[in-house]
Amino acid sequence: ARLSRRRLLGGAAAAGAAGAAGIGWGAAAVTHRDHDRDPGLDTVAFYGAKQAGIATEPPLHAAFVAFDLKPGSRREDVIGLLKIWTDDASRLTQGKPALADTEPELAARPARLTVTVGFGPELFTAVALEDQRPHWLKPLPPFGIDKLDAAWCGGDLLLQICAEEATTVSHAVRVLSKHVKSLVTVRWVQRGFRNAARGQTMRNLMGSVDGTVNIAPGTVDFDRLVWDDGSSRPWLAGGTSMVMRRIAMNLETWDELDAEGRALTIGRTVEDGAPLSGTREFDVPDFAAVDRYGIPKIPPSSHIARAHRTHDGERFLRRGYNYDDAPAPGHMSNSGLLFASFQRDIDAQFLPVQRRLADFDALNQWTTPVGSAVFVIPPGVPGPGGYLGQQLFE
Ligand code: HEM
């Protein structure tokens with residue numbers, strides 16, 4: 001059965017209440033060791049009903065790595081790979097070297113490392129479990145705004161690796177990749193960073209406060225809108241889905257806009273991210289508010305007016321990162337957003353919003369989607385002895 005609209009709408013009242021207080025990630029699963037002296041020693045629990053790295057407050061650095069299974073891979077190969085990743089991640093996230101770690105010294109600073117694993121649509125074909133593939137796990141439809149480069153699209157398996165230190169991320173990527181190199185090839189690697197003081201909303205490379213309207217972990221809304229409850233597919237209880245869009249920013253032409261033009265494009269001020277109908281970042285936008293000439297304070301063409309949900313079920317967790325890579329010859333920049341969203345049902349929650357933005361969004365003049373991928377995020381590993389994805393295979 002598909003996730004019904006009624007179920008998504010179920011907690012609408014609770015949803016409204018969450019808005020004004022801000023996102024409030026909470027630090028539930030973080031273990032502070034000698035925090036005053038060295039936050040590089042902090043760890044995030046690996047075991048649990050859900051994978052870490054989704055309800056976890058995003059740390060400063062991330063790498064998203066997509067892999068393809070080598071032709072002829074069988075179910076046993078995939079299970080073997082997932083057991084290796086489980087063992088490696090359970091150690092590295094706790095500040096211990098992986099087995100046969102060639103740089104064990106680099107494991108000593110976990111820096112809140114999380115390793116999150118996802119499965120792409122084709123993985124289900126490779127392991128002959130197509131009947132277990134969620135109906136929403138398929139490449140996104142093409143949009144008129146897209147200029148997709150195949151080099152940033154798709155993938156059979158995903159690793160999302162996040163930590164407060166870039167060296168920790170690099171080491172984890174290297175260990176997890178090379179331990180399964182006989183089974184997979186790397187399809188793409190996307191690295192990103194954020195820059196917010198703890199408890200504040202990050203800024204993207206256009207200068208905007210980005211991530212204000214979001215779903216707070218640990219709330220009824222988060223449980224309802226992000227985590228699957230297994231009602232349609234028992235193996236997926238505690239899992240979710242991820243949409244990954246690589247969106248390039250044209251910062252050269254964005255430079256031509258002054259602060260007012262930028263505010264009208266987004267619907268919020270650049271200075272502190274307050275909606276143009278209010279004065280503070282977490283004021284709830286009033287899309288009906290007009291100025292003394294009767295003109296809407298938040299332009300209907302602005303990004304937040306277009307992205308705003310038309311009903312409670314059109315919501316998802318945004319947990320993106322900035323990217324800033326080397327420009328191609330003749331260009332000045334190669335920057336943008338690694339847009340990552342998590343939701344129970346891509347079709348019901350994400351797609352209507354993306355369609356609306358593709359139809360029209362003032363921001364589209366300066367942004368171009370160049371990569372696109374979707375993954376199902378299986379549940380977590382409840383305790384030692386289990387492995388990532390076990391619920392699907394047994
Ligand atoms: C809000 C930037 C792409 C969905 C915002 C805000 C900014 C922003 C500055 C206002 C602050 C906030 O609430 O976070 C961007 C940039 C993008 C981008 C720079 C591309 C480079 C997308 C995409 C989607 C999306 C692809 C979904 C398909 C949303 C939603 C909101 C939002 C749902 C909250 C709207 C509300 O107020 O209800 N974005 N965004 N954004 N964005 Fe984006």
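The model is predicted, so local features need pLDDT of at least 70 and side-chain atom pairs count only at pLDDT 80 or more, while totals for chains, interfaces and linings use all residues. Residues are numbered from 1 along each chain as its sequence is written, and side-chain values use heavy atoms, with hydrogens and water left out.

**Around the ligand**

- The ligand is surrounded by 25 residues, where a residue counts as near if one of its heavy atoms lies within 4 Å.
- Gly 211, Thr 212, His 303, His 308 and Arg 318 are the closest of them.
- By class, 14 residues of the shell are nonpolar, eight are polar and three are charged. Here Ala, Val, Leu, Ile, Met, Phe, Trp, Tyr, Cys and Pro count as nonpolar, Asp, Glu, Lys and Arg as charged, and the others, Gly among them, as polar.
- At least two shell residues come from each of strand S7 (240-249), helix H9 (303-307), strand S10 (334-343) and helix H10 (346-359). Helices (H or I, at least four residues) and strands (E, at least two) are DSSP runs, numbered from the N terminus.
- The iron atom of the ligand has His 303 (NE2) as its only protein donor, at 2.0 Å, and His 303 sits in helix H9. Donors are N, O and S atoms within 2.8 Å of the metal (3.2 Å for Na, K and Ca); water is not among the atoms, so sites may look incomplete.
- A polar backbone atom of Gly 211 is 2.5 Å from a ligand oxygen, and a backbone N or O atom of Thr 212 is 2.9 Å from a ligand oxygen.
- The side chain of Arg 318 places an N or O atom 2.8 Å from an oxygen atom of the ligand.

**A buried glutamate**

- Glu 314 belongs to the loop between H9 and strand S8 (317-318).
- Its relative accessible area is 7%, so Glu 314 is buried (buried means under 20%, exposed over 50%, partly exposed in between, with a 1.4 Å probe and protein chains only).
- The Glu 314 side chain reaches the backbone nitrogen of Thr 310 at 2.9 Å.
- Beyond four places in sequence, Glu 314 is in contact (heavy atoms within 4.5 Å) with residues including His 308, Arg 309 and Arg 356.

**Helix H8**

- Gly 261, Arg 262, Ala 263, Thr 265 and Ile 266 are the buried residues of helix H8 (residues 259-266).
- These buried residues pack against helix H7 (251-254) and H9.
- Gly 267 follows H8 and has a positive phi, near 95°.

**Aromatic pairs**

- The structure holds eleven aromatic pairs. Rings of Phe, Tyr and Trp (its six-membered ring) pair if their centres lie within 6.5 Å; planes under 30 degrees apart count as stacked, over 60 as edge-to-face and the rest as tilted.
- Phe 46 and Tyr 47 are edge-to-face, at 5.1 Å centre to centre and 80° between the planes.
- Phe 46 is buried at 9% relative accessibility, whereas Tyr 47 is partly exposed at 34%.
- With centres 6.5 Å apart and planes at 65°, Trp 188 and Phe 375 are also an edge-to-face pair.
- Trp 188 lies in strand S6 (residues 184-193) and Phe 375 in strand S11 (residues 367-377), so this pair ties together parts 187 residues apart in sequence.

- Arg 112 has a positive phi of about 60° and is buried, at 9% relative accessible area.
- Ala 128 has a positive phi of about 55° but is exposed, at 58%.

Technical notes:
A polar contact is a pair of N or O atoms within 3.5 Å; within protein, one must be able to donate a hydrogen and the other to accept it, and residues adjacent in sequence count only if both atoms are side-chain atoms.
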